[in-house]
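Here is a short tour for anyone meeting this structure for the first time. Have a look around the model, then read on.

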Amino acid sequence: MKNYLDVLTALSGLNYVYFTSDKSQIVELSQWIDNNKDKVANIFEGASVKTVVSPTSGKNSYTDIMLYKLNIV
């Protein structure tokens, strides 16, 4: 978890493209951060999100997520 959070901290204030999946629970983390704005800044605020649902076997699937942000200075 520490390494995961270190990556998110490193992205703060930078242009980035961040790839993940729905298995990472990044959406839930972002919602938690939004609900705790007085304690933690949300680096994904204002980011664009693209998703692709990829079927696996049977009725199972997972969602690939790309978040990207261009900070204009």
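Leucine 8 touches Tyr18, Ile26, Leu29, Ile43 and Phe44, leaving out residues up to four places away in sequence; contact here means heavy atoms within 4.5 Å. This is a predicted model, where local features need pLDDT of at least 70, side-chain atom pairs count only at pLDDT 80 or more, and totals for chains, interfaces and linings use all residues. Residues are numbered from 1 along each chain as its sequence is written, and side-chain values use heavy atoms, with hydrogens and water left out.

Leu8 also belongs to the largest nonpolar core, a group of 12 residues that includes Leu11, Tyr16, Ile33, Ala47, Ile65 and Leu67. Such a core is a set of buried Ala, Val, Leu, Ile, Met, Phe, Trp, Tyr and Cys residues joined through side-chain atoms within 4.5 Å. Two or more core residues come from each of H1, strand E1 (16–21), H2 and strand E3 (61–69), and H2 gives the largest share, 3 residues. In soluble globular proteins, nonpolar side chains tend to be buried together.

## The overall layout

How many helices and strands does the protein have? There are 2 helices and 3 strands, arranged along the sequence as α-β-α-β-β. Both kinds of element are DSSP runs numbered from the N terminus: helices are H or I with at least four residues, strands are E with at least two.

The C-alpha trace spans about 45 × 25 × 20 Å along its principal axes. Of the 73 residues, 27% count as buried, where buried means under 20% relative accessible area, exposed over 50%, and partly exposed in between (1.4 Å probe, protein chains only). Among contacts with a separation of 6 or more, 47% join residues 24 or more positions apart.

## The largest pocket

Leu8 turns up again in the lining of the largest pocket, along with residues including Leu5, Thr9, Ser12, Trp32, Val40 and Phe44. On a 1 Å grid over the protein atoms alone, a pocket is an open set of points where a 1.4 Å probe fits, with protein on both sides within 12 Å along at least five of seven lines; lining residues have an atom within 4 Å of a point.

The space in this pocket comes to about 180 Å³, a volume being the space filled by probe spheres set on the grid points, which are joined across faces, edges and corners. Helix H1 (2–11) and helix H2 (26–35) each supply at least two lining residues.

Start with tyrosine 68, in strand E3. Tyrosine 68 is partly exposed, at a relative accessible area of 30%, and is in contact with Tyr16, Val17, Ala47, Ser48 and Lys50, setting aside neighbours within four places in sequence.

Next, valine 53 sits in strand E2. Is valine 53 buried or exposed? Valine 53 counts as exposed because its relative accessibility is 53%. Valine 53 touches Ser61, Tyr62 and Thr63, not counting residues up to four places away. Finally, glycine 58 is in the loop between E2 and E3 and is exposed, with a relative accessible area of 77%. Its C-alpha is 39 Å from that of serine 12, 46 residues apart along the chain.

The average pLDDT is 83, and 99% of the residues score at least 70; pLDDT is the predictor's confidence in each residue, from 0 to 100. Confidence is lowest in H2, at a mean of 79, and highest in strand E2 (residues 48–55), at 92.
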